[in-house]
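Please keep the sequence and the coordinates at hand while reading.

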Amino acid sequence: MMLNGAEDEEKWLAEGIAGIQHNAFYMHRALDSNNLREALKYSAQMLSELRTSKLSPHKYYDLYMRAFDELRKLEIFFKDEGKHGVSVVDLYELVQHAGNILPRLYLLCTVGSVYIKSKEAPAKEVLKDLVEMCRGVQHPLRGLFLRSYLAQVSRDKLPDIGSEYEGDADTVMDAVEFVLQNFTEMNKLWVRMQHQGPGRLREKREKERNELRDLVGKNLHVLSQIEGVDLEMYKETVLPRVLEQVVNCKDDLSQYYLMDCIIQVFPDEYHLQTLETLLGACPQLQPTVDIKTVLSRLMDRLSNYAASSADVLPEFLQVEAFAKLSNAIGKVIEAQVDMPAVGAITLYVSLLTFTLRVHPDRLDYVDLVLGACVKKLSSIPKLDDSRATKQVVALLSAPLEKYNDIVTALTLSNYPRVMDHLDNGTNKVMAMVIIQSIMKNNTCISTVDKVEVLFELIKGLIKDTDGADVDELDEEDFKDEQNAVARLIHMLYNNEPEEMLKIICTVRKHTMAGGPKRLPFTVPSLVFSALRLIRQLQGQEGDIVGEEVPATPKKIFQLLNQIIEDLSNVPSPELALRLSLQCAEAANDCDLEHVAYEFFTQAFVLYEEEIADSKAQVTAIHLIIGTLQRMNVFGVENRDTLTHKATGYSARLLKKPDQCRAVYACSHLFWVDDQDGIKDGERVLLCLKRALRIANAAQQMANVARGSSGPVTLFVEILNKYLYFFEKGNQQITGAAIQGLIELINTEKQNDSATPDSASDAFLASTMRYIQFQRQKGGIMGR
Amino acid sequence: MVALFQSQENIVGEVVIEPIQGKKVEHNGVKIELLGQIELYFDRGNFYDFTSLVRELDVPGELYERKTYPFEFSTVEMPYESYNGVNVRLRYILKVTISRNYVSNIVEYQDFVVRNYTPPPSINNSIKMEVGIEDCLHIEFEYSKSKYHLKDVIIGKIYFLLVRIKLKNMELEIRRRESTGSGPNTYVETETLAKFELMDGAPVRGESIPIRLFLSPYELTPTYRNINNKFCVKYYLNLVLVDEEDRRYFKQQEITVYRLLET
């Protein structure tokens, strides 16, 4: 039987339509022949089709619309007294003779509309009569449509201000009264639908009811369209009456829809001026009503209103909109114990959005909202509802977006407390949002306090959180996160050295907790940040002489030393080595010999103890040599020790070519091309010769091992070194020696015909061209 | 078309007798009677004349040509209205009799109608009542008046105090109760003259449903309390509530109908 439900309904609808068409046909005939009696008879019969109980609202609407169209024709006929010869007053009685109530009332409304138009009776009297008489239809569906018809035909005949139906006796109050009453009755009918029929069809009924809701809401729309409903009347009459009905009907579907309707159809300024009343109704609604959406929409509307023009902002202040909304939300959350977290948070997000738009200057409000949210969240330790989490992220992102400035958010004491309630993953996402915001806006975080708060906020990125499953971490994400933190460290800056030092210490405190995986990312930033401070201090040195300066380079270097040590313990020796060298260089610039020496020691120790990989060793030794070469702070003794070490390690590299290259690089340690730089030509030559020996040995080894001596690249490289030092005026390097080297190369090349190497050939060729060129120029090379 | 009179009127007219051309009519006298008769159908053939007035129009003689007799019944007392019911008829007749010897009398009848008007009653209380079925249905209804003239409107309302049954609709019926005869030979006939739907669907507690019923479309007569001890006609408003199983709950109230003297 249920299966055929839809089919049957189609059939019933078809029958209904046929009935309407049939009677409409005879009605038209009667209209054409000006036969009032027949017209009434057939129109009543036609309208009887609307008495059916078999149709769903959707189908019934179809039927209704057909009857509606026919009634328009009847109305035109009624208007023309010349055609039917009966005064409208009599007509008004005549149609009431119909025995069935539904056709009778449809006809009555139709004549009533003509009656008002004729102005033979005050509009209010007719309207009042119609809306009263319609009580006779208590069937929800039929009643709703009948009253909807009444609303439709009376819409343009309300005694509104400025309307032609306004008169001494008819005031806008009557219009309002009429619409309100019709609205009330319609809502009652609508609500009653829910309680009729068997319980198992509840869902279907709700769906059907939803289809009908606009019939009810239309009344509110009409109210909002009445010119005469000014703020005063809205406040005193319309809103209280509507809300009374909404609250009293105790139906969640209706309450939700109507609240939303009120918010949508009436102007924003009315809402603003009646906030208290409107919000006062919220806690009185059924617990199942989705108040959060209602309130959210209200706040969204008000926010938009506030954003629309700066002129309206004083209004918001005047009515204390924030306090009222905040209060209402609190009450609603309190009243609806079962409201899920996501609901409450959504509310707070809306309130926050509202606050940010309306009171951008009131950070305390923002904090208040966050605080309220914390309070709500404190009942649940961690959010596991993804929608709720999303809302929290929205809540936290809103201030960042608004102020474009994390510094503002950092002053919000409740901000980190809200973040605490996020799960680890989301917490990180949020931390990233914060960092990105800082980056995007190039915000400088310039006090220790703020840095502290900031690190508290992003602690999810800074260290492992308890219980976090490390395996789950995506390597890629982790890198991104840590790179972001590294970038962030550069944004923490204060021009005041003292404060800056504090910042650095704070950052250190936090980053050091990050564990082996994070330190390689964060420490370089920290080190360079510290080095920047050192250079700054160094630049200022002249100005602050004699003062007791807490932030001295020495102190900072001590700090750096520890940092690097920590890093090397991680272990991340290569990075530690590089940073040590950086620090050494900085110490050099500060003229701090011991410090620099210390850093070099550290670097060498790292090299010896931690760096085992031969490739890494090559890189490291070149770095050491390069740095050492630029050092000018060392005394002879220290310098000797270090260069000795460097050359020693160079010669002990694993591969011969590496040895060779490192050794000839060491030659630069003895020839610094500065005014005061060391220029020890003899030792340069020693290095180069040693390099040559190694190159030879390499060549021989290659011969033994592979049967060919390989390219002459090493020799060409050494030749270039010879040329360099020759040009720099090293007396130990003679033209003859160069000449000899060139010959050596040529001999080697001839021996090594097996494997022509284009790269080394080209290198040699260009070197030779260079020599040629210099000769022609007649410079020092000329000889 | 029939002539219409009311009580205390003078019934004036003339009787014209015209014999067939060239013939004469011999008679023992001509008279005209005004009769008020009650005819009970179950007692066929029995007429009760409650009024009988006679005017002699002519002494015995012969008529040769058309002759006109004026007549007049002055301020005739006609207390009852003409009525045509299910079991009873009340009629007024003018009866002209030309009495003759040896052959049957020539008799002609002319009906006329009597309607009597009454001024609006000085006391006209509303009908107000609370009725119900315990724990099922309690209603309170009110009709604004207990006495209505024929073109009147019944105004009222029904207030639902308690509704525990699923109502389908509600109607107001106008019923006419005509009882004839007396004692064991009383015949009662009830007709429903109007079925007027007041409500469609099921109300809930607290609803009040308006009543507005125009009497003019229905063919009512005034209430006749006791017409010459022969019959009476009474009117009732019957409020009927029908539930979804088509059970009917009703309450009947008598109303008085009168013919309003228009002033």
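The lining of the second largest pocket draws at least three residues from each of domain 1 (4–114) and domain 2 (127–258) of chain B, the domain bounds coming from an automatic or database domain assignment. A pocket here is found on a 1 Å grid over the protein atoms alone, as an open set of points with protein on both sides within 12 Å along at least five of seven lines, whereas a cavity is a set of points where a 1.4 Å probe fits but cannot get out; lining residues have an atom within 4 Å of a point. Residues are numbered from 1 along each chain as its sequence is written, while chains are lettered from A and ligands numbered from 1 in the order in which they are written. Since this is a predicted model, local features need pLDDT of at least 70 and side-chain atom pairs count only at pLDDT 80 or more, although totals for chains, interfaces and linings use all residues; side-chain values use heavy atoms, with hydrogens and water left out.

The second largest pocket holds about 580 Å³ of space, where a volume is the space filled by probe spheres set on grid points that are joined across faces, edges and corners. Of its 28 lining residues, S82(B), R115(B), L220(B), T221(B) and R259(B) lie nearest the centre. Strands β8 (83–84), β9 (88–98) and β10 (106–114) of chain B each supply at least two residues of this lining; strands (E, at least two residues) and helices (H or I, at least four) are DSSP runs, numbered from the N terminus. By class the lining has 13 nonpolar, five polar and 10 charged residues, with Ala, Val, Leu, Ile, Met, Phe, Trp, Tyr, Cys and Pro counted as nonpolar, Asp, Glu, Lys and Arg as charged, and the others, Gly among them, as polar.

As for the two domains of chain B themselves, their centres, taken over C-alpha atoms, are separated by 41 Å, and 14 residues of domain 1 are in contact with 17 residues of domain 2, contact meaning heavy atoms within 4.5 Å.

Helix α6(A) gives the most, with four residues, and the lining as a whole divides into seven nonpolar, two polar and two charged residues.

Helix α6(A) is mostly covered, 16 of its 18 residues being buried, which means under 20% relative accessible area, with exposed over 50% and partly exposed in between (1.4 Å probe, protein chains only). Its 18 residues should span 26 Å at 1.5 Å a residue, and its end C-alpha atoms are 25 Å apart, which agrees; the expected span is 1.5 Å times one less than the number of residues. Just after α6(A), K119(A) takes a positive phi of about 60°.

A positive phi, of about 65°, is also found at D591(A), which is not a glycine and which sits in the loop between α30 (573–589) and α31 (593–609) of chain A. D591(A) is exposed, with a relative accessible area of 60%.
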